[in-house]
Amino acid sequence: MARLPLIVQNERRKRIGLAITIWLQMCTVANWFLVALGAIHSLHTYRPRVRSYILDFYAKRDYVKRLVDASDETCIEQVRMNRTTFFKLCEMLQTLGELKSSRNMLVDEQVAMFLHIISHHLKNRVIKHHFNRSGETVSRSFHNVLNAVIRLQDVLFKKAEPITANSTDPMWKWFKNCLGALDGTHIKIRVPTVDKPRYRTRKGDITTNMLGVCTPDMQFVYVLPGWEGSVADGRVLRDAISRRHGLKVPHGCYYLVDAGYTNCEGFLAPFRGQRYHLNEWRQGYQPSTPEEVFNMKHASARNVIERCFGLLKLRWGILRSPSFYPVRVHNRIIIACCLLHNFIRTYMSLDPIEEELGEGLPSNVIDDDEPNIINIHPSDAWATWRMELANQMFDEWQASRN
């Protein structure tokens, strides 16, 4: 009888344990039921994601397709070249410029983005919105393409070719052994406040003074940006010919320059104090001296560099107003614009911005091993030769009038 309370107590514990076990099992079954119910509900309300990596990739290329693939007209308006020329540039930048596709962006999108920026001078945030890319991606792609274009200097800069003795071009036939024309142009730029006095021109603009050298068919041979806008053109030229990889002018050859430069071996300038600019000859005025005849023909030929600068700035909007890039980057952009200018004139059969000139030049290319002119000093021999050339021009001009 003494063990009866213990037996009753054990039975009670067993019943409590069994009740707890049953309760836990019921909770587990209920939990499974709720999970199953939620899964069934999810199956009825689930909508598959329409954006995967592949779909997202092609969706972000939509703007590129509208820029490039729509038509040649649209392509020229937006990136300044037709579709065939655009894809030729992409191929050249890949093979020679070492430009590579990234995980999320192909080469053609990077090139289209770069050309769209320099053509219309667009900000990073605008390109970010149009191309549906991050600002960091836009900036990185811009500099990758810029570096690739700069690597094409040896390919895209035109080789200097002198005018031959049998040339029949009415503008150039008098200038035998002439390589082309050169001049300086001012391109607006943003600089720190402390540097603005050095970059300010006589007109009050903050610019960089770029030396440009071109051939008679309006292709650049050499460019030197970076000098302050307050610097004279002659000083920039002296710096260019003194550089190790600067402007090369072989003895016996020369470039046409304006009156702002010294008339010396390698650089033929007009007579000072005489009519020169083309608009001075458009009022029916006829030259009356050998100096005026020489200046008229000199201006007609040298005008090619002015047209070259005008076409360059008309094509690339980033050169018409101060850019948002540091000075060093901006100078590289100027070089890239000149290289792309040459590329377009070489590979596009018809440039809608400017009519094509003539039938080209003779093929006798300058030999790089020839000695070059390294000093700019006036000489009596060069002045005498210029006067003799002016007299020959004047005699022929009088004979043609008679």
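Modeller: What follows is a set of questions about terms, each answered from the structure.

Modeller: This is a predicted model, in which local features need pLDDT of at least 70, side-chain atom pairs count only at pLDDT 80 or more, and totals for chains, interfaces and linings use all residues. Residues are numbered from 1 along each chain as its sequence is written, and side-chain values use heavy atoms, with hydrogens and water left out.

Biologist: Thanks! How many helices and strands are there in the chain?

Modeller: The chain has 14 helices and five strands. Helices (H or I, at least four residues) and strands (E, at least two) are DSSP runs, numbered from the N terminus.

Biologist: What makes threonine 85 count as buried?

Modeller: Buried means under 20% relative accessible area, exposed means over 50%, and partly exposed lies in between (1.4 Å probe, protein chains only). Threonine 85 has 2% relative accessibility, so it counts as buried. Its place is in helix α5. Over the chain of 402 residues, buried residues make up 44%.

Biologist: And why is serine 134 called partly exposed?

Modeller: Serine 134 has 36% relative accessibility, and therefore it counts as partly exposed. You will find serine 134 in the loop between α7 (124-131) and α8 (135-150).

Biologist: Which class does cysteine 178 fall into, buried or exposed?

Modeller: Cysteine 178 is at 0% relative accessibility, so it is buried. This cysteine 178 is in strand β1. Leaving out residues up to four places away in sequence, cysteine 178 touches Glu161, Pro162, Ile163, Trp172, Tyr254 and Leu256, where contact means heavy atoms within 4.5 Å. Cysteine 178 and glycine 252 are 74 residues apart in sequence, yet their C-alpha atoms are 8.9 Å apart in space.

Biologist: Now the strands. How do you know that β1 and β2 pair?

Modeller: Two strands pair if DSSP finds at least two bridges between them. Strand β1 (residues 178-188) and β2 have eight bridges, in the antiparallel sense. Aspartate 183, for example, has glycine 212 of β2 as its bridge partner. β2 also pairs with strand β3 (residues 220-228), again in the antiparallel sense, over six bridges. There glycine 212 has valine 223 of β3 as its bridge partner, and asparagine 209 stands opposite tryptophan 227 in β3.

Biologist: What makes β3 an edge strand?

Modeller: The open sheet has five strands in the order β3-β2-β1-β4-β5, with mixed pairing. β3 and β5 (267-268) are the edge strands, as each pairs on one side only.

Biologist: Why is β3 called largely enclosed?

Modeller: Eight of the nine residues of β3 are buried, so the rest of the structure largely encloses this strand. Helix α11 (residues 233-242) lies across β1, β2, β3 and β5, and runs at about 120° to β3.

Biologist: How many residues of β2 are buried?

Modeller: In strand β2 (residues 207-214), eight of its eight residues are buried, and the strand is mostly covered. In a regular strand the side chains alternate between the two faces of the sheet. Here Thr207, Asn209, Leu211 and Val213 point one way from β2, while Thr208, Met210, Gly212 and Cys214 point the other way.

Technical notes:
Axes fitted to C-alpha atoms, helices over the stretch in contact; angles between N-to-C directions.
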